[in-house]
Amino acid sequence: MKSNNLVVVKHNSVVEAGYQLSIYESRILLTCIAKINSMKPLTVEDRFELSVNDIADLVTLADKNIYQALKTAIDKLAERWVYIDTPTKKVKKLKTRWVSGIRYMNQEGVIQLTFAGDILPYLSQLSREFTQYRLENVLKFKSTYSIRIYELLCKWSGDEKTLTLEWLRDHFQLNDKYLN
């Protein structure tokens with residue numbers, strides 16, 4: 001799989017959402033998101049597949065522990081929440097999982113992922129209020145926070161922004177880290 005052909009497209013609400021992922025969880029999610037045609041409908045039946053070799057090739061890893069790292073990542077990813085601010089008065093914040101199902105095919109080294117229903121409108125049929133970037137731009141980052149900052153910078157693209165430490169702690173779910 002060639003990362004230079006893959007483009008990540010997310011609704012701006014997801015770029016600014018509150019969530020916490022490990023670097024491997026981010027790589028898995030972003031690779032699957034990059035496989036979505038963001039202009040077309042996506043359903044809960046749509047399944048995305050990638051192999052351990054795909055991930056290793058994309059990030060040029062020769063880590064002997066990559067199989068275990070990815071198994072751990074998919075276990076955690078199945079439990080991760082994302083908190084999205086919504087523009088409606090009725091629902092202020094949407095709390096949803098990223099995925100509704102994720103499988104690791106042991107003998108094949110293949111991951112199959114299905115996105116949760118509530119996240120679908122933020123990943124598909126996007127015609128406005130979205131951020132896009134090439135997957136290869138972030139795959140070699142060593143920290144998931146680097147990816148998040150990069151996404152925010154792409155979203156703001158040239159606009160001047162001032163963020164508080166409190167906003168970063170909340171949206172990156174840092175809890176009690178980096179207190180004054």
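# Exercises on a predicted structure

Lys 10 stands opposite Thr 131 in S8.

## Exercise 1: Two strands and their faces

**Task.** Find out in which sense strand S1 and S8 pair and over how many bridges, then sort the residues of S8 by covered and uncovered face.

**Solution.** 
- Step 1. Strand S1 covers residues 7–11, and its pairing with S8 is antiparallel, with 5 bridges.
- Step 2. Now walk along S8, residues 130–134. Thr 131 and Tyr 133 make up its covered face, while Phe 130, Gln 132 and Arg 134 make up the uncovered one.

## Exercise 2: A sheet of strands

**Task.** In what order do the 3 strands of the open sheet stand, and which strands are at the edges?

**Solution.** 
- Step 1. Trace the open sheet across: the order is S3-S7-S6, with antiparallel pairing.
- Step 2. Look for strands with a single partner. Strand S3 (47–51) and strand S6 (99–105) each have just one, so each has a side without a neighbour in the sheet.
- Step 3. From one strand to the next, the twist averages 15°.
- Step 4. Zoom in on one pairing. S6 and strand S7 (residues 110–115) are joined by 6 bridges and run antiparallel. In this part of the sheet, Val 99 faces Phe 115 of S7.

## Exercise 3: Helices across the sheet

**Task.** Which strands does helix H2 lie across, and which does helix H4 lie across?

**Solution.** 
- Step 1. Take helix H2, residues 23–34. This helix lies across S3, S6 and S7, at about 70° to S7.
- Step 2. Next comes helix H4, residues 66–77. Here the strands are S6 and S7, and the helix runs at about 160° to S6.

## Exercise 4: Helix against helix

**Task.** Are H2 and H4 roughly perpendicular or roughly parallel to each other, and what kinds of residues make their contact?

**Solution.** 
- Step 1. Read off the geometry: the axes are 8 Å apart and the packing angle is about 80°.
- Step 2. Compare with the range for roughly perpendicular, which is 65 to 115 degrees. H2 and H4 are therefore roughly perpendicular.
- Step 3. Find the residues. H2 brings Tyr 24, Glu 25, Ile 28 and Leu 29, and H4 brings Ile 66, Ala 69, Leu 70, Ala 73, Ile 74, Lys 76 and Leu 77.
- Step 4. Sort them: this contact of H2 with H4 holds 9 nonpolar, no polar and 2 charged residues.

**Task.** Now try H2 and helix H5 (residues 144–156): at roughly what angle do their axes cross?

**Solution.** 
- Step 1. The axes of H2 and H5 cross at roughly 45° and come within 8 Å.
- Step 2. On the H2 side you find Ile 23, Ser 26 and Leu 30, which meet Thr 144, Ile 147 and Glu 151 in H5.
- Step 3. Sorted by kind, the contact of H2 with H5 has 3 nonpolar, 2 polar and 1 charged.

## Exercise 5: Positive phi in a loop

**Task.** Is Gln 125 buried or exposed, and where is Glu 129 found?

**Solution.** 
- Step 1. Gln 125 has a phi near 50°, positive although the residue is not glycine. Its place is the loop between S7 and S8.
- Step 2. The relative accessible area of Gln 125 is 53%. Exposed means over 50%, so Gln 125 is exposed.
- Step 3. For Glu 129, phi is near 55°, again a positive value in a residue other than glycine. Glu 129 is in the loop between S7 and S8.
- Step 4. With a relative accessible area of 45%, Glu 129 is partly exposed.

Technical notes:
Residues numbered from 1 in each chain as written. Predicted model: local features only at pLDDT ≥ 70, side-chain atom pairs only at ≥ 80, totals over all residues. Heavy atoms only, no water. Pairing = 2+ DSSP bridges. Helix = DSSP H or I, 4+ residues; strand = E, 2+ residues; numbered from the N terminus. Axes fitted to C-alpha atoms, helices over the stretch in contact; angles between N-to-C directions. Contact = heavy atoms within 4.5 Å. Parallel < 35°, antiparallel > 145°, perpendicular 65-115°, else oblique. Nonpolar A, V, L, I, M, F, W, Y, C, P; charged D, E, K, R; others polar. Buried < 20%, exposed > 50% of the residue type's maximum accessible area, 1.4 Å probe, protein only.
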